[in-house]
Amino acid sequence: MSRKKDPSDQPFRDSPAELDKTVHGNDEDQGLLTLKRLIYRMPDREAPAGLTESILSALEPKNVPGWLRFYRWVLKPRTVTFQPLKLIPAAMILVLVLAITFQFIPWREDPGYMDPRQANLIPVTFTLT
Amino acid sequence: MDGNDEQHCIDRVLRGEVNAFATLVERYQKPIFNLMYRMAGSSDKAADLTQETFIRAYEKLERFHPGKRFFPWLYSIGLNLARDFARKNTWNPERGSTLNPESLSGCNSPGDQHERMCESLEFLRLEKALDELPVIYREALILRYHDECSMGDIAAALDLSVSAAKMRVHRGLDMLREHYKGGTHEPQKRSL
């Protein structure tokens, strides 16, 4: 049997027991806190030596189909990390590219569009004979 | 080992690398063995049940949802196995005392020895009080205060909602206090 945690550790610093203590209030029954500390420091029994080897010897290599591996890959959550400072030059280049793109797009006017100021005017056609 | 490392190991196992599973076994064999010891009351049976838990987890590994924590999933497999075992077998503990002479050998002074003995007796009393609790409360307490699991992990391991897990820990603590204070001398009963 081994002791998992050294009693000289600062017990419950940021641990669940400490959190619970906060939740229930600081004047919580001292008995409960003692129990939490005892459970925290309760010695563990060591697993028998050779257990890992005996488990591994009983296992056959897995042959998982490719589609299942792909499905699991799709399901896997991912985290993206970035430094905003490093993003600034990239963002400026992107803005520049967009600005140039919009500048040179040949905008064509809609043929059905009519200026509202001209809506009351009657079109007149002059014919030279 | 964090969640990403675990996921990496699982991916390797699914690609056919059996040895990658060793990392997970070594990481979690102790809490699973201790769970089984509490349930079976004997080292040999606990070792068998621990082995069976890992083999079953290996067989079902492709069903493990990527992104979830591995330990609660493994614990729930172990707990189901342990419950099956407890239903089929009578509980006959070989409970070794926490008070063993070897633990006192490193003590320099009689004062240290006395302190260590008192501590061992406290642990013995605690183990007895925990044994008297229904499994669902005992395991919630062990997961929370010994293995330092989050409420989310406890809920996943015990197949509960988070609020039910909180309730279970809270009630378990109250029950444990009663048993610990009372120090009942009734014969131990196992309630699942």
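How many residues of chain A are in contact with how many residues of chain B? The count is 35 residues of chain A and 39 residues of chain B. The legends below cover this and other views.

This is a predicted model, in which local features need pLDDT of at least 70, side-chain atom pairs count only at pLDDT 80 or more, and totals for chains, interfaces and linings use all residues. Residues are numbered from 1 along each chain as its sequence is written, while chains are lettered from A and ligands numbered from 1 in the order in which they are written.

**View 1. Chain A meets chain B.** Here 35 residues of chain A are in contact with 39 residues of chain B (in contact: C-beta atoms, placed from the backbone, within 7 Å). Four helices of chain A each supply at least two residues to the side that touches chain B: helix 1 (16-24), helix 2 (30-41), helix 3 (51-57) and helix 4 (66-75). Helix 2 of chain A gives the largest share, seven residues. By class, this side of chain A has 22 nonpolar, five polar and eight charged residues. Nonpolar means Ala, Val, Leu, Ile, Met, Phe, Trp, Tyr, Cys and Pro; charged means Asp, Glu, Lys and Arg; the others, Gly among them, are polar.

**View 2. The fold of chain A.** Chain A has five helices and zero strands. Helices (H or I, at least four residues) and strands (E, at least two) are DSSP runs, numbered from the N terminus. The order from the N terminus is α-α-α-α-α. Of the 129 residues in chain A, 10% are buried (20 or more other C-beta atoms within 10 Å of the residue's own, with C-beta atoms placed from the backbone).

**View 3. Two domains of chain B.** Chain B is divided into domain 1 (3-88) and domain 2 (113-182), with bounds from an automatic or database domain assignment. Their centres, taken over C-alpha atoms, are 21 Å apart. Domain 1 of chain B brings eight residues to the contact, and domain 2 of chain B brings six. Helix 4 (residues 70-88) of chain B supplies six residues of the domain 1 side, the largest share. That side divides into six nonpolar, one polar and one charged.

**View 4. Helix 2 against helix 4 in chain B.** Helix 2 (residues 21-40) of chain B packs on helix 4 of chain B at about 30 degrees, with axes 10 Å apart. Axes are lines fitted to C-alpha atoms over the stretch in contact, and angles run from 0 to 180 degrees between N-to-C directions. The two helices are therefore roughly parallel (angles under 35 degrees). Among the residues making the contact are B:L24 and B:Y28 of helix 2 and B:F70 and B:F71 of helix 4. The contact has 14 nonpolar, one polar and no charged residues.

Definitions and conventions
Two residues are in contact if their C-beta atoms, placed from the backbone, lie within 7 Å. A residue is buried if 20 or more other C-beta atoms lie within 10 Å of its own, exposed if 12 or fewer, and partly exposed in between; C-beta atoms are placed from the backbone. Angles under 35 degrees count as roughly parallel, over 145 as roughly antiparallel, 65 to 115 as roughly perpendicular and the rest as oblique.
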